[in-house]
Amino acid sequence: RSGDFKQGDYVLCPGGWQEYSVNSPKAMRKLDPAQAPISTAVGVLGMPGFTAYVGLDEIGKPQKGETVVVSAAAGAVGQVVGQIAKLKGCRVVGVAGAEDKCKHVVGAYGFDACVNYKDADFREQLAKACPDGIDVYFENVGGETFDAVMELVNDFARIPVCGRIAHYNDTAMPEGPDRLPGFMGKVLVKRLLIKGFIQFDYINRQGDFLKDMPAWIRDGKVKYQEDVVEGLENAVSAFQGLLQGKNRGKLLIQVGDDPTKK
C-alpha cells in the first residue's frame, strides 16, 4: 500500500529468516536488477560490501605502497577489503583457513599473497609475505592470527576491528599469563590506532558506496563469490558451517527462484 513501491519490485528489507514479513517503507530499499543480481544486495552491494568499504576507508585509511593484511580474506567482507586496498595501490596479504581459499584469493581477487593460518609455520609465512611490516590490519577473527599480526605491525598502524570470530564461542577466559600489559605497551610505543566499528556508524557514506561499488563491479575491478544454500530449512546448518569456515565467499540462503541471475 505504499506509493514508493509497486507489485513486482525487488527490495532489500530486514525481514528475518522467514518467508513473509511486513515492513515500513523506510526500512526498504528498491533494487535495480539491471545493475546486478539481487543477491548482491545482501553481499558485495549490501552490508558486507559496505562494511569493507567504510571500515577500510574511514579507519584503515590505506596509502599507496602500504601493506594491508586481511583476515578471513575469502569471506564476504574480506574479499572486498582486499580488492579495495589493491585499487588504492597497496600490497595486500590475506589470511584464510584452507589452501583452496588462499589460491582463490590470489587468483580471483588479485591479492599479492595469502597465508593459511592452519599451517604449522604460519607466523613465518606471514612475516615473509610482509617484508616491510604491516600498516593496516583489517581484523575479522582474533585468535592466533591477531597475535601473529601484532608481531609485525609498523608504527602508526591502523586496525579496524570488524569481527572476532575465533572467540564467539568462548565460554571462559583464556588460560595463561595476562598479556594485556604487553599488548597495551605495544599500542603505546607503536602509536597504534585500534577502533571497533559497526557499518551503520557510517551510514552517511552509503551514497558514496552505492556510487563506487557498482561501477567497480561493472568495470571488473571488484569481483565476488557467493556460496548459495537452497531452502530456508537449511539455514541453521548453513550458519553453523559459516562459523566453522566451511563457506566460500558470501553465504546465502535462497528461498525462491532468482530471475535476475545471468
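Six strands form an open sheet with parallel pairing, in the order β5-β4-β3-β6-β7-β8. Two strands count as paired if DSSP finds at least two bridges between them. Strands (E, at least two residues) and helices (H or I, at least four residues) are DSSP runs, numbered from the N terminus. The model is predicted, so local features need pLDDT of at least 70 and side-chain atom pairs count only at pLDDT 80 or more, while totals for chains, interfaces and linings use all residues. Residues are numbered from 1 along each chain as its sequence is written, and side-chain values use heavy atoms, with hydrogens and water left out.

- The edge strands are β5 and β8 (193-196), each of which pairs on one side only.
- On average, neighbouring strands of this sheet are turned by 15° against each other, direction ignored. Axes here are lines fitted to C-alpha atoms, for helices over the stretch in contact, and angles run from 0 to 180 degrees between N-to-C directions.

**Strand β4 and its neighbours**
- Five of the six residues of β4 (residues 91-96) are buried, meaning under 20% relative accessible area with a 1.4 Å probe and protein chains only.
- With β3 (residues 67-71), β4 pairs in the parallel sense over five bridges; V69 stands opposite V93 in β4.
- With β5 (residues 113-116), β4 pairs in the parallel sense over four bridges. In this pairing G94 stands opposite C114, and A96 stands opposite N116.

**Helices between the strands**
- The chain runs from β3 through α2 (residues 78-87) to β4 in a right-handed β-α-β crossover. Right-handed means that, with the strands pointing away from the viewer, the path from the first strand over the helix to the second runs clockwise.
- β4, α3 (residues 99-109) and β5 also make a right-handed β-α-β unit.
- Helix α3 packs on the sheet and touches β4 and β5, where contact means heavy atoms within 4.5 Å. The direction of α3 makes about 170° with that of β5.

**The second largest pocket**
- This pocket holds about 740 Å³ of space. A pocket is an open set of points on a 1 Å grid over the protein atoms alone, with protein on both sides within 12 Å along at least five of seven lines.
- The pocket is lined by 23 residues, and the closest to its centre are F146, D147, R179, L180 and F183. A lining residue has an atom within 4 Å of a point.
- Helices α5 (143-150) and α6 (180-189) each supply at least two residues of this lining.

Technical notes
Buried means under 20% relative accessible area, exposed over 50%, partly exposed in between (1.4 Å probe, protein chains only). On a 1 Å grid over the protein atoms alone, a cavity is a set of points where a 1.4 Å probe fits but cannot get out, and a pocket is an open set with protein on both sides within 12 Å along at least five of seven lines; lining residues have an atom within 4 Å of a point. Grid points are joined across faces, edges and corners, and a volume is the space filled by probe spheres set on the points.
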